[in-house]
Amino acid sequence: MTAMPQTKGKLGEGDGRTAPLVGVIMGSTSDWETMEHAAKTLEELGVPYETRVVSAHRTPDLLFAYACSAEQRGIEVIIAGAGGAAHLPGMTASKTVLPVLGVPVESKALKGLDSLLSIAQMPGGVPVGTLAIGKAGAINAALLAAAILGNRHHGIREALRKFRKRQTATVLATPDPAAVAAVRRAIYDGKAKAAPKGVNLQKRKKHG
Ligand code: RP5
(Lines give C-alpha, C1' and ligand atoms only; values in the text may rest on other atoms or scores of the structure.)
Protein backbone atom coordinates (compact mmCIF):
# COMPACT_ATOMS: atom_id res chain seq x y z
CA MET A 1 0.00 0.00 0.00
CA THR A 2 1.40 3.40 -0.96
CA ALA A 3 1.43 6.27 1.50
CA MET A 4 -1.56 8.54 1.81
CA PRO A 5 -0.59 11.75 -0.01
CA GLN A 6 -1.14 15.17 1.44
CA THR A 7 -4.27 16.88 0.26
CA LYS A 8 -3.62 19.44 -2.48
CA GLY A 9 -4.99 22.62 -0.97
CA LYS A 10 -6.54 23.28 2.40
CA LEU A 11 -10.25 23.48 2.97
CA GLY A 12 -11.41 26.85 1.66
CA GLU A 13 -8.21 27.58 -0.29
CA GLY A 14 -6.79 26.64 -3.65
CA ASP A 15 -3.43 24.86 -3.75
CA GLY A 16 -1.72 27.78 -5.49
CA ARG A 17 -1.11 25.66 -8.60
CA THR A 18 -3.94 23.89 -10.37
CA ALA A 19 -7.21 24.14 -8.50
CA PRO A 20 -8.70 20.68 -7.94
CA LEU A 21 -11.82 19.82 -9.95
CA VAL A 22 -12.44 16.52 -8.18
CA GLY A 23 -12.56 15.94 -4.46
CA VAL A 24 -11.65 12.36 -3.56
CA ILE A 25 -12.78 11.76 -0.01
CA MET A 26 -12.89 8.61 2.07
CA GLY A 27 -14.04 7.55 5.51
CA SER A 28 -10.67 6.32 6.77
CA THR A 29 -7.01 6.08 5.86
CA SER A 30 -7.72 2.34 5.60
CA ASP A 31 -9.79 3.11 2.47
CA TRP A 32 -6.73 4.47 0.65
CA GLU A 33 -5.71 1.06 -0.68
CA THR A 34 -8.94 1.16 -2.71
CA MET A 35 -9.27 4.88 -3.33
CA GLU A 36 -5.70 5.32 -4.57
CA HIS A 37 -6.91 3.70 -7.79
CA ALA A 38 -9.30 6.61 -8.30
CA ALA A 39 -6.46 9.04 -7.64
CA LYS A 40 -4.09 7.22 -10.02
CA THR A 41 -6.71 7.17 -12.77
CA LEU A 42 -7.40 10.89 -12.38
CA GLU A 43 -3.67 11.50 -12.56
CA GLU A 44 -3.39 9.41 -15.73
CA LEU A 45 -6.11 11.58 -17.29
CA GLY A 46 -4.52 14.82 -16.07
CA VAL A 47 -7.51 15.75 -13.92
CA PRO A 48 -6.59 17.97 -10.94
CA TYR A 49 -7.89 16.49 -7.69
CA GLU A 50 -7.48 16.58 -3.95
CA THR A 51 -7.61 13.71 -1.46
CA ARG A 52 -8.85 13.83 2.11
CA VAL A 53 -10.12 11.64 4.91
CA VAL A 54 -13.58 12.84 5.91
CA SER A 55 -15.47 10.49 8.19
CA ALA A 56 -19.25 10.66 8.38
CA HIS A 57 -19.17 9.20 11.89
CA ARG A 58 -15.86 10.33 13.37
CA THR A 59 -15.68 13.84 11.88
CA PRO A 60 -19.27 14.80 11.00
CA ASP A 61 -18.58 18.55 11.27
CA LEU A 62 -15.73 18.25 8.78
CA LEU A 63 -18.03 16.34 6.43
CA PHE A 64 -20.56 19.20 6.52
CA ALA A 65 -17.84 21.82 6.06
CA TYR A 66 -16.28 19.92 3.17
CA ALA A 67 -19.55 19.27 1.35
CA CYS A 68 -20.88 22.80 1.90
CA SER A 69 -17.68 24.50 0.67
CA ALA A 70 -16.79 22.20 -2.23
CA GLU A 71 -18.78 24.01 -4.93
CA GLN A 72 -17.50 27.43 -3.88
CA ARG A 73 -13.91 26.11 -3.92
CA GLY A 74 -14.24 25.06 -7.55
CA ILE A 75 -14.75 21.33 -7.04
CA GLU A 76 -17.07 20.00 -9.77
CA VAL A 77 -17.37 16.32 -8.84
CA ILE A 78 -16.94 14.52 -5.52
CA ILE A 79 -15.83 10.89 -5.32
CA ALA A 80 -16.59 9.44 -1.90
CA GLY A 81 -15.39 6.01 -0.81
CA ALA A 82 -16.49 4.29 2.37
CA GLY A 83 -16.93 0.84 3.84
CA GLY A 84 -19.36 -0.89 6.18
CA ALA A 85 -22.07 1.51 7.35
CA ALA A 86 -20.99 3.71 4.46
CA HIS A 87 -22.80 6.98 5.12
CA LEU A 88 -20.17 9.34 3.71
CA PRO A 89 -21.34 9.48 0.05
CA GLY A 90 -25.03 9.89 0.94
CA MET A 91 -24.48 12.51 3.63
CA THR A 92 -22.12 14.41 1.33
CA ALA A 93 -24.77 14.35 -1.40
CA SER A 94 -27.31 15.70 1.07
CA LYS A 95 -25.19 18.84 1.61
CA THR A 96 -24.24 19.70 -1.99
CA VAL A 97 -25.78 19.72 -5.46
CA LEU A 98 -22.47 18.65 -7.01
CA PRO A 99 -22.50 15.15 -8.49
CA VAL A 100 -21.36 12.64 -5.87
CA LEU A 101 -19.97 9.28 -6.98
CA GLY A 102 -19.88 6.61 -4.30
CA VAL A 103 -17.30 3.84 -4.10
CA PRO A 104 -18.21 0.93 -1.81
CA VAL A 105 -15.02 -0.17 -0.08
CA GLU A 106 -14.74 -3.91 0.54
CA SER A 107 -15.43 -4.59 4.21
CA LYS A 108 -14.00 -7.53 6.14
CA ALA A 109 -17.27 -8.79 7.58
CA LEU A 110 -19.52 -8.64 4.53
CA LYS A 111 -17.10 -8.25 1.59
CA GLY A 112 -18.46 -4.80 0.74
CA LEU A 113 -22.08 -5.80 0.23
CA ASP A 114 -22.94 -3.69 3.28
CA SER A 115 -21.02 -0.74 1.78
CA LEU A 116 -22.71 -1.19 -1.61
CA LEU A 117 -26.23 -1.23 -0.19
CA SER A 118 -25.54 1.66 2.20
CA ILE A 119 -24.38 3.79 -0.73
CA ALA A 120 -26.83 2.68 -3.42
CA GLN A 121 -30.08 2.62 -1.46
CA MET A 122 -30.56 6.37 -1.21
CA PRO A 123 -34.07 7.79 -0.85
CA GLY A 124 -35.55 9.42 -3.95
CA GLY A 125 -34.41 13.05 -4.11
CA VAL A 126 -30.76 12.69 -3.04
CA PRO A 127 -28.83 10.65 -5.62
CA VAL A 128 -25.40 9.08 -5.28
CA GLY A 129 -23.93 7.58 -8.46
CA THR A 130 -22.89 4.22 -7.06
CA LEU A 131 -20.00 2.26 -8.58
CA ALA A 132 -18.81 -1.32 -8.13
CA ILE A 133 -17.25 -2.61 -4.90
CA GLY A 134 -13.51 -2.04 -4.53
CA LYS A 135 -10.79 -1.26 -7.06
CA ALA A 136 -12.98 -1.48 -10.17
CA GLY A 137 -15.42 0.97 -8.60
CA ALA A 138 -12.64 3.39 -7.67
CA ILE A 139 -11.23 3.35 -11.21
CA ASN A 140 -14.66 3.74 -12.75
CA ALA A 141 -15.55 6.58 -10.40
CA ALA A 142 -12.55 8.48 -11.74
CA LEU A 143 -13.47 7.68 -15.35
CA LEU A 144 -17.06 8.74 -14.75
CA ALA A 145 -15.89 11.94 -13.07
CA ALA A 146 -13.75 12.63 -16.15
CA ALA A 147 -16.74 11.96 -18.41
CA ILE A 148 -18.83 14.47 -16.43
CA LEU A 149 -16.02 17.05 -16.48
CA GLY A 150 -15.54 16.40 -20.19
CA ASN A 151 -18.83 18.16 -20.94
CA ARG A 152 -17.15 21.44 -20.02
CA HIS A 153 -13.42 20.68 -20.10
CA HIS A 154 -12.41 19.73 -23.62
CA GLY A 155 -8.91 18.51 -22.67
CA ILE A 156 -10.36 16.03 -20.18
CA ARG A 157 -12.79 14.65 -22.78
CA GLU A 158 -9.86 14.10 -25.17
CA ALA A 159 -7.77 12.46 -22.43
CA LEU A 160 -10.66 10.08 -21.81
CA ARG A 161 -10.94 9.30 -25.52
CA LYS A 162 -7.20 8.49 -25.64
CA PHE A 163 -7.51 6.30 -22.53
CA ARG A 164 -10.26 4.24 -24.21
CA LYS A 165 -8.21 3.90 -27.41
CA ARG A 166 -5.16 2.71 -25.46
CA GLN A 167 -7.27 0.24 -23.53
CA THR A 168 -8.74 -1.21 -26.73
CA ALA A 169 -5.31 -1.42 -28.39
CA THR A 170 -3.87 -3.27 -25.38
CA VAL A 171 -6.60 -5.90 -25.48
CA LEU A 172 -6.31 -6.33 -29.26
CA ALA A 173 -2.53 -6.71 -28.98
CA THR A 174 -2.91 -9.90 -26.89
CA PRO A 175 -5.58 -11.95 -28.68
CA ASP A 176 -4.37 -15.42 -27.64
CA PRO A 177 -4.13 -15.92 -23.86
CA ALA A 178 -2.62 -19.41 -24.28
CA ALA A 179 0.27 -18.07 -26.39
CA VAL A 180 0.95 -15.31 -23.90
CA ALA A 181 0.92 -17.77 -20.97
CA ALA A 182 3.26 -20.18 -22.83
CA VAL A 183 5.78 -17.41 -23.56
CA ARG A 184 5.65 -16.18 -19.97
CA ARG A 185 6.27 -19.75 -18.74
CA ALA A 186 9.20 -20.23 -21.16
CA ILE A 187 10.80 -16.98 -19.99
CA TYR A 188 10.22 -17.97 -16.35
CA ASP A 189 11.81 -21.41 -16.98
CA GLY A 190 14.78 -19.79 -18.72
CA LYS A 191 13.91 -21.44 -22.05
CA ALA A 192 13.31 -18.13 -23.77
CA LYS A 193 14.66 -14.65 -23.26
CA ALA A 194 12.02 -12.55 -24.93
CA ALA A 195 8.63 -12.79 -26.55
CA PRO A 196 8.56 -13.63 -30.25
CA LYS A 197 7.32 -10.92 -32.59
CA GLY A 198 3.57 -10.48 -32.41
CA VAL A 199 3.19 -11.68 -28.80
CA ASN A 200 2.62 -8.77 -26.47
CA LEU A 201 3.60 -9.63 -22.92
CA GLN A 202 2.59 -6.33 -21.51
CA LYS A 203 0.06 -7.00 -18.80
CA ARG A 204 -3.26 -5.26 -19.27
CA LYS A 205 -3.96 -2.90 -16.41
CA LYS A 206 -6.28 -4.77 -14.09
CA HIS A 207 -9.45 -2.78 -13.52
CA GLY A 208 -10.98 -5.04 -10.96
C1 RP5 B 1 -15.72 3.43 7.39
O2 RP5 B 1 -15.36 2.42 8.25
C3 RP5 B 1 -14.50 3.70 6.55
O4 RP5 B 1 -14.88 4.16 5.31
C5 RP5 B 1 -13.80 2.38 6.49
O6 RP5 B 1 -14.06 1.69 5.28
C7 RP5 B 1 -14.41 1.59 7.64
C8 RP5 B 1 -13.39 1.12 8.65
O9 RP5 B 1 -12.63 2.21 9.09
P10 RP5 B 1 -11.36 1.98 10.04
O11 RP5 B 1 -11.88 1.35 11.29
O12 RP5 B 1 -10.40 1.08 9.28
O13 RP5 B 1 -10.78 3.36 10.24
O14 RP5 B 1 -16.14 4.58 8.04
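**Salt bridges, ligand site and burial in a predicted model**

Arg 152 counts as exposed, with a relative accessibility of 63%. Glu 76 sits in the loop between α2 (60-70) and β3 (77-83), while Arg 152 sits in the loop between α5 (135-150) and α6, so the pair ties together parts that are 76 residues apart in sequence.

The chain holds 7 helices and 5 strands. Read from the N terminus, its elements follow the order β-α-β-α-β-α-β-α-β-α-α-α. The chain has 208 residues, of which 41% count as buried.

In total, 4 salt bridges are counted in the model. One of them joins the side chains of Glu 44 and Arg 166, with an N to O distance of 3.4 Å. Glu 44 belongs to helix α1 (residues 32-44) and Arg 166 to helix α6 (residues 154-172), so this bridge ties together parts that are 122 residues apart in sequence. How exposed are the two partners, Glu 44 and Arg 166? Glu 44 has a relative accessible area of 34% and is partly exposed. Arg 166 is likewise partly exposed, at 42% relative accessibility. Both values lie between the 20% and 50% limits, which is why neither residue is called buried or exposed.

Glu 158 is partly exposed, its relative accessible area being 26%. Arg 161, at 43% relative accessibility, counts as partly exposed too. Side chains of opposite charge can pair when their charged atoms come close.

Phe 163 has its place in helix α6. Phe 163 counts as buried because its relative accessibility of 5% is under 20%. Between the C-alpha atoms of Phe 163 and Leu 143 there is a distance of 9.4 Å, although the two are 20 residues apart in sequence. Ala 146 lies in helix α5 and is buried as well, with a relative accessible area of 0%. The C-alpha atom of Ala 146 is 7.0 Å from that of Arg 157, and the two residues are 11 residues apart in sequence.

Ala 86 is placed in the loop between β3 and α3 (88-94). At 1% relative accessibility, Ala 86 counts as buried. The C-alpha atom of Ala 86 is separated by 9.3 Å from that of Gly 102, 16 residues apart along the chain. Lys 111, in turn, is found in the loop between β4 (100-105) and α4 (113-120). Lys 111 is exposed, with a relative accessible area of 56%. The backbone of Lys 111 also deserves a look, as its phi is near 60 degrees, a positive value in a residue other than glycine.

Finally, the ligand. Which residues are found around the ligand? They are Gly 27, Ser 28, Ser 30, Asp 31, Arg 58, Ala 82 and Gly 83. For Ser 28 the distance to a ligand oxygen atom is 2.6 Å. For a polar side-chain atom of Ser 30, the corresponding distance is 2.7 Å. Asp 31 has a polar side-chain atom 2.6 Å from an oxygen atom of the ligand. On its own the ligand has 360 Å² of accessible area, and the protein covers 65% of it. The space that the ligand takes up is the largest pocket.

Notes: Residues are numbered from 1 along each chain as its sequence is written. This is a predicted model: local features need pLDDT of at least 70, side-chain atom pairs count only at pLDDT 80 or more; totals for chains, interfaces and linings use all residues. Side-chain values use heavy atoms; hydrogens and water are left out. Helices (H or I, at least four residues) and strands (E, at least two) are DSSP runs, numbered from the N terminus. Buried means under 20% relative accessible area, exposed over 50%, partly exposed in between (1.4 Å probe, protein chains only). A residue is near a molecule or strand if one of its heavy atoms lies within 4 Å of it. A polar contact is a pair of N or O atoms within 3.5 Å; within protein, one must be able to donate a hydrogen and the other to accept it, and residues adjacent in sequence count only if both atoms are side-chain atoms. Accessible areas come from the Shrake-Rupley method with a 1.4 Å probe; for residues, only the protein chains shown count as cover. On a 1 Å grid over the protein atoms alone, a cavity is a set of points where a 1.4 Å probe fits but cannot get out, and a pocket is an open set with protein on both sides within 12 Å along at least five of seven lines; lining residues have an atom within 4 Å of a point. A molecule sits in a cavity or pocket if more than half of its atoms lie within 2 Å of its grid points.
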